[in-house]
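Notebook open, structure loaded. I'm jotting down what I look up as I go.

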Amino acid sequence: EGDDICAGTVDVVVTDGFTGNIALKTAEGMASMFGNFLKDSLKRSLMSRLGALLITPALSSFRQTVDPRRHNGAMLLGLNGICVKSHGGTDALGFANAIQVAIGLTSHGINEGIKEDYAHLSDTVNHSAEQVTS
């Protein structure tokens, strides 16, 4: 379900590019909107500004956790090699993290593992189909 994307119930989301881009842009827009609302709320009064000072370390930690530059890079599947898509609006930190994703995929043999799993799945399906027809 679509709400699983942000609920933390899934580790991987597989989608076509158009639908994935809509989901991604919607999430980015919502995060930006809530960030702006929070910033405005913390500036409204003297008490809220004092509160903002008290929660600054927690907000800084939260900001790092949800920083999209730190999670940049997604593997494109169906290719004979490793191809990592980086967010178009990223900076040097985000691009470096996308390169790290590519290095990790390569060093862990992800493409070869996918090919092996696909071959095994294909063999299983073909074997099951042979049993049904015989």
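Entry 1, threonine 15. I looked for threonine 15 and found it in the loop between α1 and α2. Keep in mind that this is a predicted model. Is threonine 15 buried, partly exposed or exposed? Its relative accessibility is 42%, so I put threonine 15 down as partly exposed, the class between 20% and 50%. I also took a distance from here: serine 48 is 33 residues away from threonine 15 in sequence, and the two C-alpha atoms sit 41 Å apart in space.

I started with aspartate 67. It pairs with arginine 69, with 2.6 Å between the closest N and O atoms. Aspartate 67 also forms a salt bridge with arginine 70, and there the closest N and O atoms are 3.8 Å apart. That one still counts because the cut-off is 4 Å.

Next I checked aspartate 91, which forms a salt bridge with arginine 69 at 2.7 Å between the closest N and O atoms. This pair links distant parts of the chain: aspartate 91 is in the loop between β2 (84-85) and α4, arginine 69 is in the loop between α3 and β1, and 22 residues separate them. Put together, Asp67, Arg69, Arg70 and Asp91 are linked in a network of salt bridges.

Arginine 69 comes out as partly exposed at 29%. Arginine 70 is partly exposed too, with 39% relative accessibility. For aspartate 91 I have 33%, again partly exposed.

I found leucine 93 in helix α4. Its relative accessible area is 31%, so leucine 93 is partly exposed. I then went back to arginine 70: leucine 93 is 23 residues from arginine 70 in sequence, but their C-alpha atoms are 7.2 Å apart in space.

Phenylalanine 37 has its place in helix α2. Which residues make the nonpolar surface patch? I wrote down Met30, Met33, Phe34 and Phe37, which make a patch of about 380 Å².

I noted about 2400 Å³ of space in the largest pocket. Its lining has 49 residues, and Leu24, Ala27, Glu28, Pro68 and His71 are the ones nearest the centre. Which element gives the most to the lining? That is α2, with 17 residues. At least two lining residues each come from α1 (4-7), α2 (17-42), α3 (46-66), β1 (74-75), α4 (92-107) and α5 (110-133). By type, I have 25 nonpolar, 16 polar and eight charged residues in the lining.

Note on methods
Residues numbered from 1 in each chain as written. Predicted model: local features only at pLDDT ≥ 70, side-chain atom pairs only at ≥ 80, totals over all residues. Heavy atoms only, no water. 1 Å grid on protein atoms, 1.4 Å probe; cavity = no way out; pocket = protein on both sides within 12 Å on 5 of 7 lines; lining within 4 Å. Points joined across faces, edges and corners; volume = space filled by probe spheres on them. Helix = DSSP H or I, 4+ residues; strand = E, 2+ residues; numbered from the N terminus. Nonpolar A, V, L, I, M, F, W, Y, C, P; charged D, E, K, R; others polar. Patch = residues over 30% accessible without salt bridge, like charges linked within 9 Å, V, L, I, M, F, W, Y side chains within 5 Å. Areas by Shrake-Rupley, 256 points an atom, 1.4 Å probe, with all protein chains shown as cover. Salt bridge = Lys/Arg side-chain N within 4 Å of Asp/Glu carboxyl O. Buried < 20%, exposed > 50% of the residue type's maximum accessible area, 1.4 Å probe, protein only.
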